[in-house]
Amino acid sequence: MYAPAITGTGVFTPEEVITNDELVVAFNAYADRMNAEHAAAIAAGEMEPIPHSSADFIFSASGIEQRHVLNKSGVLDPEIMHPVLRPRADDEPGVMAEMALDAARKALAAAGRESHEIGAVIVAASNHERAYPAIAVEVQQLLGIEGFGFDMNVACSSATFGIQAAADMIRSGSVKSVLMVNPEICSAHLEWRDRDCHFIFGDVCTAVVLERAEDAKGAHWDVLGTRCLTQFSNNIRNNNGFLRRTRVGQMEDRRDMQFMQNGRKVFREVVPIVSEHLGAHMAALGVEAADVKRLWLHQANKTMNDLIGKKVMGRVPEPGEQPNILQDYANTSSAGSIIAFSQFSEDMGDGDLGIICSFGAGYSVGSVVLRKVG
Ligand code: CO8
């Protein structure tokens, strides 16, 4: 058995940003247009008017201030209301592969590794661009990696489940090192015309290099343990998948074809499930709350994270102990906790303990307990 370690992380952040104010202006213009178009039906009581969205509501309900996206103009055009991404020919990199390359190169540089030294690629994400060939195999080919690759989807827990899969393969000796990547094109799965959820998501890609701890070239994170849990629920569901390519009103317009949730129910159910999961994982590893220097949680909702942080630590976490990035990125599905880990771990010292924890559709919960070395 070999001890697995995280030796590098990388984040690809799309350049384009949509603030809450910009988003609300676009949504309200869309609502006004639809209400004018259907004025007669609304007046006859056959249809409810679409109410306006509000930037104040978005911030107070979620803590989100802005989001990065691959295409801002399509999302903000009241006639379109979805990202417009250039269709890719089969002989050029797909969108997810392109995002993955940027994040992967950063993670490899952080680990001090060349891509040909990696033994396997896992692309773990909620939002897949196609069914097959696997995005991971495309990334593998683009980076010149021998060995194999496969895709995984456990919604917002894809990255932690991907870390567990990688760590288990390294432990057993089937591979020496793994590149685990999370390209999340959440904007293509979000229903930007639904006021209840149009503010939730953003786009990003994270990457993590895992290898045998004994092979690490510098400071690294020993993986002390991983734990995954799933429990079926329809409270977060998407029945179709990638990309609405047609213009508003010109497609079979089933609401279930994009992201759907029962947000209130999710909120109520998530806090106990995640808190119990983390408590049990810590107990199994003999980790006390007082030992935990940092919690890198899934980034969906600030209030939810504050509650989970308090339950796990047994007190209100000090500023910096449970860093949030959702104010800048919104919910980036599986990548959120990895962005937090990547951006808020450099300052930690030799022997410090931290926990990455994701939670998402499925339901799914994944935790990774890490100890800094070096
Ligand atoms: N602008 C203005 N008003 C609005 C808007 C808007 N954009 N949207 C809704 N409102 C109004 C509603 O009409 C409603 O009005 P009224 O009270 O008069 O009926 C009022 O505001 C409250 O609406 P909601 O009940 O929908 O709002 P919430 O307070 O519940 O907030 C959230 C919505 C922020 C989405 C909240 O439900 C939430 O965060 N839920 C948690 C789930 C979550 O984070 N989902 C994100 C994606 S899924 C994910 O990342 C995984 C999460 C955890 C998985 C669990 C695994 C174990």
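User: Are W296 and F341 buried or exposed?

Analyst: This is a predicted model, in which local features need pLDDT of at least 70, side-chain atom pairs count only at pLDDT 80 or more, and totals for chains, interfaces and linings use all residues. Residues are numbered from 1 along each chain as its sequence is written, and side-chain values use heavy atoms, with hydrogens and water left out. Buried means under 20% relative accessible area, exposed over 50%, and partly exposed in between (1.4 Å probe, protein chains only). Both W296 and F341 are buried.

User: How many aromatic pairs does the structure hold?

Analyst: Rings of Phe, Tyr and Trp (its six-membered ring) pair if their centres lie within 6.5 Å; planes under 30 degrees apart count as stacked, over 60 as edge-to-face and the rest as tilted. The structure holds seven such pairs. One of them joins W221 and W296, edge-to-face at 5.7 Å centre to centre with 85° between the planes. Both W221 and W296 are buried. The rings of W296 and F341 have centres 4.8 Å apart and planes at 75°, so this pair is edge-to-face. W221, W296 and F341 form one aromatic cluster.

User: Where does the charged end of R212 sit?

Analyst: A charge sits over a ring if NZ of Lys or CZ of Arg is within 6 Å of the ring centre and within 35 degrees of the ring normal. Here the charged end of R212 lies over the ring of Y2, 3.5 Å from its centre.
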